[in-house]
Amino acid sequence: MSDTASPIRPRTGTRIEFRDVTKVFTNQKKTETRAVDGVTLTVEPGEILGVIGYSGAGKSTLVRLINGLDSTTSGQLLLDGTDVVGLPESKLRSIRRGIGMIFQQFNLFHSRTAAGNIAYPLELAGMPKAERKKRVAELLDFVGLSDKGNNYPEQLSGGQKQRVGIARALATNPRLLLADEATSALDPETTHDVLNLLREINRDLGITIVVITHEMDVVRAIADKVAVMEAGKVVEYGSVYEVFSHPQTKVAQRFVSTSLRNTPDLVEAEDLLAHDGRLFTINLTEDSGFFTAAAAAREDGLGISIVHGGVTTLQRQSFGKMTVRLTGPDAAIDRFRDTLSRTTDIEEITR
């Protein structure tokens with residue numbers, strides 16, 4: 001992002017409130033599919049919410065309900081206190097002007113330059129040409145592409161295309177940005193740059209951002225809160241730290257393990273189990289009590305060796321998992337497990 005003054009004044013982001021929202025699709029055979037099923041959650045102004053789930057979980061439908069591209073079957077969906085369910089198209093158009101959309105495949109017009117793509121929503125809004133030209137120049141500078149305004153999409157890298165998409169999404173001074181798999185088509189380094197840009201936009205402008213993704217690393221990098229979806233339902237919701245450090249559902253546990261890689265996979269576990277002793281995976285938090293329990297266990301005649309694990313920091317709090325091998329009498333190992341289970345989660349790995 002450029003060091004020049006922001007082309008958008010900092011403002012309060014949109015508050016989003018889902019109240020038992022359901023979206024049902026019916027096919028030609030009259031078979032119903034609940035793409036969104038009884039979702040209740042609130043996104044506060046200026047928050048970044050990561051919505052994660054596997055394909056078919058209902059993530060993209062959730063976004064389309066927010067901007068009115070799909071209609072809600074039942075429930076209430078409030079944007080800054082206004083229920084958008086059932087609003088006529090004329091009023092939805094007015095609401096959409098306060099929502100910016102960032103797409104996975106960029107959705108740029110190939111016949112328009114970068115500047116032309118950014119100008120498009122301003123043309124639709126009826127902004128005068130001279131004012132529009134100035135605004136586009138500000139936005140190009142804002143996303144670090146001041147020298148690319150005359151380039152066509154095929155002359156831009158994937159990351160540059162997404163920056164054009166972000167600039168276009170910001171053109172009408174939105175209070176809400178919706179990013180649907182916005183980094184899925186990008187390499188890891190470019191993904192990092194785009195996420196940094198979105199985080200800066202949120203920090204500097206106060207815009208609420210909803211990020212739809214199937215990559216937990218994206219949630220980890222940018223979000224304040226995370227909603228885990230499965231079969232149309234939000235099965236887990238909380239701060240990124242809460243969900244990463246104590247995932248409650250199997251789907252959340254799978255996502256977290258792919259991002260943190262702090263537990264052995266099936267092949268690694270088989271290799272570890274081929275040796276003597278018993279294996280335990282232990283949650284590590286700032287108050288887990290592991291080291292106190294380990295010191296007592298050694299006095300009880302146990303051998304303790306760390307064979308796998310990792311610690312990370314999210315939202316200024318550290319946590320992780322550690323897999324240890326315990327050798328010694330089974331009774332002493334059981335005492336160690338029972339003692340530690342009073343203060344943290346501990347799980348034995350078996351065949």
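According to its UniProt annotation, from an unreviewed entry, "domain: ABC transporter" covers residues 16-256; such annotations may be inferred rather than shown by experiment, and UniProt positions are given in the numbering used here, with feature names shortened. The model is predicted, so local features need pLDDT of at least 70 and side-chain atom pairs count only at pLDDT 80 or more, whereas totals for chains, interfaces and linings use all residues. Residues are numbered from 1 along each chain as its sequence is written, and side-chain values use heavy atoms, with hydrogens and water left out.

The annotated span, residues 16-256, is 38% helix and 27% strand, and its end C-alpha atoms lie 26 Å apart. The protein holds 12 helices and 14 strands, where helices (H or I, at least four residues) and strands (E, at least two) are DSSP runs numbered from the N terminus. The C-alpha trace spans about 80 × 50 × 35 Å along its principal axes. Of the 351 residues, 49% are buried; buried means under 20% relative accessible area, exposed over 50%, and partly exposed in between, using a 1.4 Å probe and protein chains only. Among contacts with a separation of 6 or more, 72% join residues 24 or more positions apart, a contact meaning heavy atoms within 4.5 Å.

Ser245 belongs to helix α8, residues 240-245, and is buried because its relative accessible area is 5%. A polar atom of the Ser245 side chain lies 2.6 Å from the backbone oxygen of Tyr241. The Ser245 side chain also makes a polar contact with the side chain of His246, at 3.2 Å. A polar contact is a pair of N or O atoms within 3.5 Å; within protein, one must be able to donate a hydrogen and the other to accept it, and residues adjacent in sequence count only if both atoms are side-chain atoms. Leaving aside residues up to four places away in sequence, Ser245 touches Asn283 and Phe319.

Ser257 is found in helix α9 and is partly exposed because its relative accessible area is 29%. Between Ser257 and Arg97 there are 160 residues in sequence and 39 Å in space, C-alpha to C-alpha.

On a 1 Å grid over the protein atoms alone, a pocket is an open set of points with protein on both sides within 12 Å along at least five of seven lines, a cavity is a set where a 1.4 Å probe fits but cannot get out, and lining residues have an atom within 4 Å of a point. Grid points are joined across faces, edges and corners, and a volume is the space filled by probe spheres set on the points. The largest pocket has a volume of about 870 Å³. Among its 26 lining residues, Gln253, Thr263, Thr281, Lys321 and Glu347 are the closest to the centre. At least two lining residues each come from α9 (250-260), α10 (266-273), β11 (278-285) and β14 (346-349).

There is 1 cavity of 30 Å³ or more, and the largest cavity contains about 50 Å³ of space. The elements giving two or more residues to its lining are α6 (188-205) and β8 (208-213), and β8 supplies the largest share, 3 residues.
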